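Please read it beside the sequence and the structure.

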Amino acid sequence: MTLRVYNTLTRKKEEFVPIEPGKVKMYVCGPTVYNYIHIGNGRPVIFFDVVRRYLESQKYEVTYITNFTDVDDKMIRKAEELAVTVPELAETFIQAFLDDVKTLGVHDATLNPRVTENIQEIIDFIAALVEKDFAYEARGDVYYRTSKFAEYGKLSNQNLEELQYGIRIEVDDRKESPQDFVLWKAAKPGEIYWDSPWGQGRPGWHIECSAMVRKYLGETIDIHGGGQDLTFPHHECEIAQTEAVTGHPMANYWLHNAFLNIDNEKMSKSLGNGILIRDLVKQIKPQVFRFFMLSAHYRNPLNFSDESLKQASNALERIQNAYDNLKHRLTTASATSEIESALTDRLAAIASQFDDKMNDDFNTPDAITAVFDLVAEANLYLQQERVNAGALQLFLDQLQVFDQTLGILSQQTDELLDEEIEQLIIERTESRKSKNWARADEIRDLLTEKGIFLEDTPQGIRWRRK
Ligand code: AMP
Ligand code: ZN
């Protein structure tokens with residue numbers, strides 16, 4: 001079965017055909033880096049990571065670009081509030097973002113371009129729009145002339161007239177029409193600025209993606225993604241900018257994830273119910289959050305609650321236990337002998353069931369059902385007294401293939417970390433104080449087994465590795 005994806009532009013599932021065979025160029029709009037990311041932001045981050053991982057598992061060479069908006073009105077206000085410069089603010093939250101997504105097991109993007117590194121490309125893009133009459137200057141600002149782009153509204157399926165009703169009429173006599181959007185903003189005194197043909201200023205929000213997509217990926221890309229709130233105006237504006245300049249479609253497939261709610265409410269600043277990723281992962285394993293995210297189809301809303309996290313945690317534990325048990329049994333299993341063909345056939349069927357579900361517009365909840373089918377088979381196999389190393393390895397390999405896409409398993413290493421050793425030593429000392437000799441001995445044995453030697457010294461207990 002070939003991959004089919006739901007394209008917001010055509011409002012249907014379509015067969016995925018890359019521009020260049022074997023290669024995928026994808027771009028996902030990244031964060032404005034003025035605060036820590038919350039669990040809602042985690043949805044596009046995790047979903048598009050899974051899309052990219054799945055494509056790679058299908059042997060595509062993926063170029064994955066996601067940008068940082070490191071200058072805009074929110075950045076300027078926040079920097080003022082914190083009495084830091086805009087670049088300092090950006091640096092702090094870019095690092096925080098990269099740390100957070102790493103914790104979530106998200107693979108590094110091919111590149112994370114920033115607005116401030118692309119000002120010249122942005123100016124050139126705006127100049128090309130002005131040249132073609134798709135943009136006009138007005139007292140140091142530059143605006144996009146939406147009435148000139150006949151297809152404006154095609155992504156969000158609205159026409160200019162309908163849009164007129166939706167837009168708050170702003171009191172701004174610089175614009176020819178309320179739907180027009182800003183490409184270049186004149187700097188107010190004291191604000192960060194760059195020189196341009198229209199005076200000192202900074203880019204509007206939408207133009208950065210058009211400029212960066214063209215620079216890093218080319219005129220037409222395969223997949224453009226983001227949360228569904230970006231469909232309008234952001235992605236609509238990106239299309240208007242790019243297609244006016246290049247005359248080609250900006251992206252062949254537009255993918256948008258639905259929102260994450262908390263306790264069935266919208267997450268919002270005014271409700272104060274936002275949870276930061278970095279706070280969440282102090283309480284639950286990041287893999288549980290990933291599993292939870294993938295337990296719903298990306299185009300359906302997903303509700304975050306204690307209950308749904310608990311369910312995710314229990315379900316993931318079943319997969320992790322099977323994985324750990326397989327690994328454990330492998331240490332004592334009898335040598336590889338011939339594997340029954342019924343078993344290899346069954347595993348192959350489960351593997352293609354997983355792919356079929358992922359090929360159906362990245363249906364992760366149904367793909368996870370295939371993982372559970374594998375777990376059930378593995379558990380059945382593990383009940384046998386004598387197991388064959390080759391069969392165990394087959395199960396493990398298949399789980400690992402699934403996990404290359406999902407990224408939900410913890411790879412336990414046998415080695416103890418320094419902090420774990422120190423913690424065990426403290427616990428052992430306390431056990432001895434409270435005369436819990438059994439526990440104290442147990443800890444000593446565990447440490448010996450792991451090759452850690454303890455030495456009583458006048459300064460206390462010292463440890464070293466064998
Ligand atoms: P923002 O922080 O609003 O600029 O959003 C960054 C990315 O996260 C965008 O792709 C948004 O669509 C997405 N996003 C923000 N809030 C949520 C949410 N509650 N659920 C899913 N995606 C979200
Ligand atoms: Zn964008």
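1. An open sheet of four strands runs in the order β4-β3-β9-β10 with parallel pairing, where two strands pair if DSSP finds at least two bridges between them, and where helices (H or I, at least four residues) and strands (E, at least two) are DSSP runs numbered from the N terminus. Because β4 (61-66) and β10 (251-257) stand at the edges with a single partner strand each, one side of each is left without a neighbour in the sheet. Neighbouring strands of this sheet are turned by 20° against each other on average, direction ignored; axes here are lines fitted to C-alpha atoms, for helices over the stretch in contact, and angles run from 0 to 180 degrees between N-to-C directions.

2. This is a predicted model, in which local features need pLDDT of at least 70 and side-chain atom pairs count only at pLDDT 80 or more, while totals for chains, interfaces and linings use all residues. Residues are numbered from 1 along each chain as its sequence is written, chains are lettered from A and ligands numbered from 1 in the order in which they are written, and side-chain values use heavy atoms, with hydrogens and water left out.

3. Within the parallel sheet, strand β3 (residues 23-28) pairs with β4 over six bridges in the parallel sense, and V28 has T66 of β4 as its bridge partner. Helix α6 (residues 206-216) packs on the sheet and touches β3, β4 and β9 (221-227), its direction making about 160° with that of β3; contact means heavy atoms within 4.5 Å.

4. A second open sheet of four strands has the order β5-β6-β7-β8, with antiparallel pairing. Its edge strands are β5 (135-138) and β8 (201-203), each of which pairs on one side only, and the twist averages 25° from one strand to the next. Four bridges join β5 and strand β6 (residues 141-144) in the antiparallel sense, with Y144 in β6 as the bridge partner of A135.

5. Strands β13 (residues 452-457) and β14 (residues 460-465) pair in the antiparallel sense over six bridges and form a hairpin with two residues between them. T457 stands opposite G460 in β14.

6. The protein chain is divided into domain 1 (4-257), domain 2 (286-414) and domain 3 (417-465), with bounds that come from an automatic or database domain assignment. The C-alpha centres of domain 1 and domain 3 lie 55 Å apart.

7. How many cavities of 30 Å³ or more does the count come to? The count comes to one, a cavity being a set of points, on a 1 Å grid over the protein atoms alone, where a 1.4 Å probe fits but cannot get out, with lining residues having an atom within 4 Å of a point. The largest cavity has a volume of about 60 Å³, the volume being the space filled by probe spheres set on the grid points, which are joined across faces, edges and corners.

8. The lining of the largest cavity includes R43, I46, F47, M293 and L294. The elements giving two or more residues to this lining are α1 (42-57) and α9 (286-294), and the largest share, three residues, comes from α1. Domain 1 (4-257) and domain 2 (286-414) each supply at least three residues to the lining. By class, the lining has seven nonpolar, two polar and one charged residues, where Ala, Val, Leu, Ile, Met, Phe, Trp, Tyr, Cys and Pro count as nonpolar, Asp, Glu, Lys and Arg as charged, and the others, Gly among them, as polar.

9. Two backbone details deserve a look. A cis peptide bond joins F232 and P233, with omega about 5°, and P233 has its place in helix α7 (residues 231-246). A83, in the loop between α2 (73-82) and α3 (86-103), has a positive phi near 55° although A83 is a residue other than glycine. Most residues other than glycine have a negative phi, and most peptide bonds are trans.

How values were computed. 1 Å grid on protein atoms, 1.4 Å probe; cavity = no way out; pocket = protein on both sides within 12 Å on 5 of 7 lines; lining within 4 Å.
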